Every structure is written in structure tokens, then in C-alpha cells.
Amino acid sequence: MLPPALLLVLGMLGPVAVTIGVALRENGPVGAVTQPMRDPMVVHSIGKTLLLAVTVTIATWICGLLFTLAVGLAPRVVGQILFGILFLTFWISLLVRTYGWVLTLQPNGALDTLGRSLGLTDAAGFGLFQTLPGLLPPMVHIMLPYMVLPIYASLQALDPAQVRAARSLGGSEFLVLRRLVLPSLRSGSWAGVLLVFILSLGFYVTPAFLGGPGTQVLAMVIGVQFGRLENIGLTAALGALLLIAVLVLYAIADRIFKISEQWERV
Amino acid sequence: MNPNHTNRRNFLKLALAGGGALAVPGLLSACAASNTSSGGGATSASSKGAFTLPSDINAKWPKLSSTEVVLAGFGGETYQVRHQRVFDQFSKLSGAKVVDAPWDYGKFLNMVDSASPEWDAIDFDGYSTVALIQSGKAPAKLADWVRRCDLVDQAYQDYAAGSYAYSVVLGWSSSLKEAPKNWADFFDTKKFPGKRAFPKSIYAGTVEIALMADGVSKDNLYPLDFDRAFRKLDQIKGDLVFYDSYAQGQQYIVQGSATMVAIANSRMIQLKKDGKGDFTYEQAVLYPWGAFPITKNAKHADAVNALIDTMSHPAVQAEVARSLYLGPTVSAAFDLLSADEKALQPNSDENKAKAAVVNTEVAAKQDGEYVKRFFDWVGK
């Protein structure tokens, strides 16, 4: 047991400690927080990252909830197929999926061609590529499994007998959904929301591919500052900031929604 | 701020080659490009005729003891061709296997003066090499017996050999009714409709292009006026699509996502061969020479010097120019090229006269600000 634990400590906590150490050494404890904020490009990118993460999380939650309900309510076979399709995408490399979206969204790409043949758009196309609205569908698509999984776990925990009881006692479909099903999905929803939000904060590949000017998220700024500008101090500070933000967020959410208990069910 | 920043072409090619998180975008674009340029392009060009290293190539080599040489490059088609045409034969002759390492600018910077570097040399831009020297991180000098390249700026010939010239050209899709002539046309979206493809991973002649479009003469670009350039670039920002790798830039043209592109000359030559587009060397931003800087304490110093000596041979330079359209940095190599082959090179007399030649020394000094301003603009 010790060697794997040791490996985890060295391999995972080590770099984190180094990152935080460098952030403090290069900027000082106050500077580590204030220094990045002096660069308007960084502030702008933090704003974009938060906006994107919030939007993606809300959109994924809505889609995830609908999807999970569809899986739960559909005949068993259909539900299994839906579930299978969703997780099949897990086996396809993230890069391939993202590049598929590039080919779909790029000017004169698949979507524009389809839109033109249906008369929905003119020669100029939809113009979604490398814009914020264009970034949403791919990100929701990639995040969907992370949302569906915890919600589905909650749904599984719901006793069908309870639903039958509610119905036989005269509850309408809508009432049963509103008063019984949705409340029982609450903890799973929060777990999914938190997971998707955290993942969205650090999302790199998809925004790097599909993002254009104005969608420069924090992870991309870190990539550029580290890989090309050799700005180790700023990079370390931003990395530490992102990490601490995520940890704090998780701690608060766990306290309120008991998310760690939720994981045990998944 | 550290003056040695980066290096657009290198990054773009790195992205193409894959390796590391930064390489991710290009990896897939590379797949796309192999579709677009099947039939044309580097590999097919290289497959005609065999190439044998000249027999005098090792005339000045001392006895070599290394059994390998580690070279950080961009992999992909370019390096496949390099292996096929040159490296494999070099290995037979020298007994040193050429090991590819995935290109990484920051990693090399840390390695260049370290006690035990992982790599022996890296495929680098001229101005990046000069920036290294300016910042006091000079790479190792080439051994006395290594051939020097006469088209490299005199002051740097002891550091830079075996490399190549390339340019960023104005290319366009064959779907355009009228051919654009210069960068001013690239910025004229009324006369020439459609999107323009531009690199976003790192600059590639970006500021030079904008200045020329704004009316600055191609011979008066340096030192670069960033304020003026980025003001000009803001004008067409809405009409740009950005690419992460040259391969993706090619793909935009093939797909019709963009009607014009600013891209490496070799990529447009491929597209032209495939009948997908055309390009001009007029106002091309010419990077006149590059280098394979050697780490100070290179483990295989003898073999890496021999490799650079090989790559600096006029016959090898000519073969690389023929198969990869990477311009020779040895004038004798031009004599070995046919008129048609010469006409394709970014730095033939004729094409050089049309081009805006990058002032390597000034470019090295301005690189830090260039990179910073470029990413601020892309992210805005």
C-alpha cells in the first residue's frame, strides 16, 4: 500500500507544491494574487472563463436532466441504447470529438452546408465558428456524461414503488415529476453541476480548437504564458489560483450538498 | 522580460507533429492535411528518384564515437522525408542513429546550458537563435570542421548551419474569381469576399503583413511598429478564421472555410499541386535562415556536428529544397537546382527580390514584445 501512496504523493502533490512554491517565490504571497490581476488580458480571460463555465454548466444541467429522465422513463431497451450511445462517446478520443465539431462548425463546413440545403442560411453560413455561441454545443456535448452519471445514480435510488404509490394516490404526471422525481434528483444534480463547472474552469482542448478571439480561457492563457512567453511567475500564480478556487468551491459544495456521499453511489 | 521568446513556425510545426498538450490542436489538423494533400505535397515530391549522400560528405569528420544523436524537431511528414532522404544514410555512414525528440521551445531554453542536456540540438528559427545569443544563453559553437552556410548572417555562421529559409506567403483558394496581388488585397474584404485564415498559436509574419497592407514598404518594416500593425489587424479581425497548425490552414482553403490564407510557402506549393489554390511570393515574409543550435554540453557533440555538416552540404541542401521546398542556406545549392525547382524556393534571387526579408537581428530583439502583443490581440 505504501509505494502506490508514495507515488501519488510524489507524482501529484509534488508538482502542486512546486507550482504554489514558485507562485509565492516569484510574486510573494500578496503578489501571487494581485500580480495576475494587473494584466487586463488575464482579468478579461478570467471573466470569459467564468462566463463560459456558468453557461456551459447550466446548459449541460438542462440537457443532462432531460437525457436522464428520458433514459429512466423510456422502455428498458431504448434507455440502454441511449445510455450506450452517450458513453460510447467516452471511448472516442476527446480530440477526435472536438475536431469533429471543428469540421461541423467551420465556415462552409457540415453545418453550413446542411443549413444552406435546407434554406436556413445564405452563402455566408451561420458564422458560429470560433465564437462563444459556437463553443457551447461542443462543450455541452463533451460534458454531458459527467452530468448524466450522477443524476442517473440519483434516479436509480428512487424506488419505482414510490412513483406507483404517488400515481395511485391520484398525483398527476406533472405533480409526480415536480414533487417526487425532481427533488430526489437534487443531490445528483448538484454533484453533476459541480463536476461540470470545475471541469469547465480548466477546459483546454475544446476552447483551444474551437475558440477564437474573445474566447481565450484561463487554461489557454496559462498554456501560452508558460510554453511561449516563459512567464513562469504568472503561470504558477494562475495555476495555483485556479487550483485553490476549485478546492474551495468543492469544499463549500461538499459541506452544503454532501457530494462526497454522492460519489459512493456512482 | 526574457527576450527569447518564441517562434511561430516552430510551434506550428510542433503542433503538426504532436507531442505534449500544446501539440494537441495540430495533431488532428495533421490528419486533415493528409487528406488534403494526398497525391501532392512533400512526401510524393520526395518519392521521385533516389538520393545518395555525396561521397565527400564525411571528408573532414574526426572519428565519431557516439551511437546516436538526439534532435528535437517537428516530426510529421517533414521529418519522415528528412529521415528517408538524409538521416538514414547519415546513420549508416556515421554509426549514429538520429533520434527524434518532440520540439519544445521552453524545454530547449532550459537545456541549452544545463550540465546534462537531453537533446543535442533543435530545429530553430534564425531570430530565436540570435535571441539566445543576445540573452547570454549562446548555444555551443559548431566544430571547426563543420561546413558553414554562406547565406546565414556572417556574425552567426559559427552557430547556425544546416538549416533552411522559408516564407509566409499570401495564398488563396481556386474558388476566388480574381487573384489577389498583395496584402492590401488580403485586407480588402469588399473586393475579395470570404474569410481569411491566420495563425493563432503563434505569430507568423503577422505584424509584417499588416504593415505592408497599411502601406509600409516591404524594405522599411524594421523595427516593427506594433501599434500601427495591430490597429490595422483590428480592421479585419471579424473576417478572420484562425488556424492552429499549417495543416489546418490548408484544410480551411480546401474546405472553402477561407478564401485567403497567410501560410508557409511549402504548404501553398502543396495546395497548388493539388489544384486547390494558388499563391504569390510577392510581399512574402521571408525568414532567410534558421539553425540547429547545439546544447552547450551535448552528449553526442561529435555526431551532432557531423549531422549538421551533412545537412549543410550543397547537395543535401538542394535535395531538401527539392523535396520539402525549404530554401537552401548555401548558395552553391542553388546551382544544383533546375530552373523550375529554383522558381519554387522562397529565397531564389527572383523570389527574394519580391519578398520582405526579415531582419533577423532586429526581429530577435523585438520577439518578446511581438509575442506578448500578438497573444493580447488574439485573446482580446
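The predictor assigns the complex an ipTM of 0.78 and a pTM of 0.82. For chain B the average pLDDT is 87, and 87% of the residues score at least 70. Residues 1–47 of chain B have a pLDDT below 50, although this stretch has 149 contacts in the model beyond near neighbours in sequence. Where pLDDT is low, the predicted coordinates should not be read in detail.

Chain B is assigned two parts: domain 1, covering 39–163 + 289–347, and domain 2, covering 166–287 + 358–379. Their C-alpha centres lie 27 Å apart. Contact between them involves 19 residues of domain 1 of chain B and 19 residues of domain 2 of chain B. On the domain 1 side, the elements that give two or more residues are helix H3 (41–46) and helix H6 (126–134) of chain B. H6(B) gives the most to that side, with 5 residues. Sorted by class, the domain 1 side that touches domain 2 of chain B has 9 nonpolar, 8 polar and 2 charged residues.

Next comes a sheet in chain B. This sheet is open, has 3 strands in the order S2-S1-S3, and its pairing is parallel. The edges are taken by strand S2 (97–102) and strand S3 (121–122) of chain B; each has a single partner strand, so one side of each is left without a neighbour in the sheet. Helix H4 (residues 76–94) of chain B packs on the sheet and touches S1 and S2 of chain B, its direction making about 150° with that of S2(B).

The pairings can be followed residue by residue. Strand S1 of chain B spans residues 68–73 and pairs in the parallel sense with S3(B) over 2 bridges. In that pairing, B:Leu71 stands opposite B:Ala121 of S3(B). S1(B) and S2(B) also run parallel and are joined by 6 bridges. There, B:Gly73 has B:Pro102 in S2(B) as its bridge partner. With H4(B) included, S1(B), H4(B) and S2(B) make a right-handed β-α-β unit.

The contact between chains involves 30 residues of chain B and 25 residues of chain A. On the chain B side, the elements that give two or more residues are helix H2 (24–36), helix H5 (105–111), strand S7 (240–243), helix H10 (246–255) and helix H17 (360–379) of chain B. The most is given by H17(B), with 6 residues. By class, the side of chain B that touches chain A has 17 nonpolar, 8 polar and 5 charged residues.

Two backbone details remain. Most residues other than glycine have a negative phi, and most peptide bonds are trans. In chain B, the peptide bond that joins B:Tyr222 and B:Pro223 is cis, with omega about -5°. B:Pro223 has its place in the loop between helix H8 (206–213) and helix H9 (226–236) of chain B. In chain A, A:Gln130 is a residue other than glycine with a positive phi, near 60°. A:Gln130 is found in the loop between helix H5 (110–117) and helix H6 (132–157) of chain A.

How values were computed:
Residues are numbered from 1 along each chain as its sequence is written. Chains are lettered from A and ligands numbered from 1 in the order in which they are written. This is a predicted model: local features need pLDDT of at least 70, side-chain atom pairs count only at pLDDT 80 or more; totals for chains, interfaces and linings use all residues. Two strands pair if DSSP finds at least two bridges between them. Helices (H or I, at least four residues) and strands (E, at least two) are DSSP runs, numbered from the N terminus. Two residues are in contact if their C-beta atoms, placed from the backbone, lie within 7 Å. Axes are lines fitted to C-alpha atoms, for helices over the stretch in contact, and angles run from 0 to 180 degrees between N-to-C directions. Domain bounds come from an automatic or database domain assignment. Ala, Val, Leu, Ile, Met, Phe, Trp, Tyr, Cys and Pro count as nonpolar, Asp, Glu, Lys and Arg as charged, and the others, Gly among them, as polar. A crossover is right-handed if, with the strands pointing away from the viewer, the path from the first strand over the helix to the second runs clockwise. pLDDT is the predictor's confidence in each residue, from 0 to 100.
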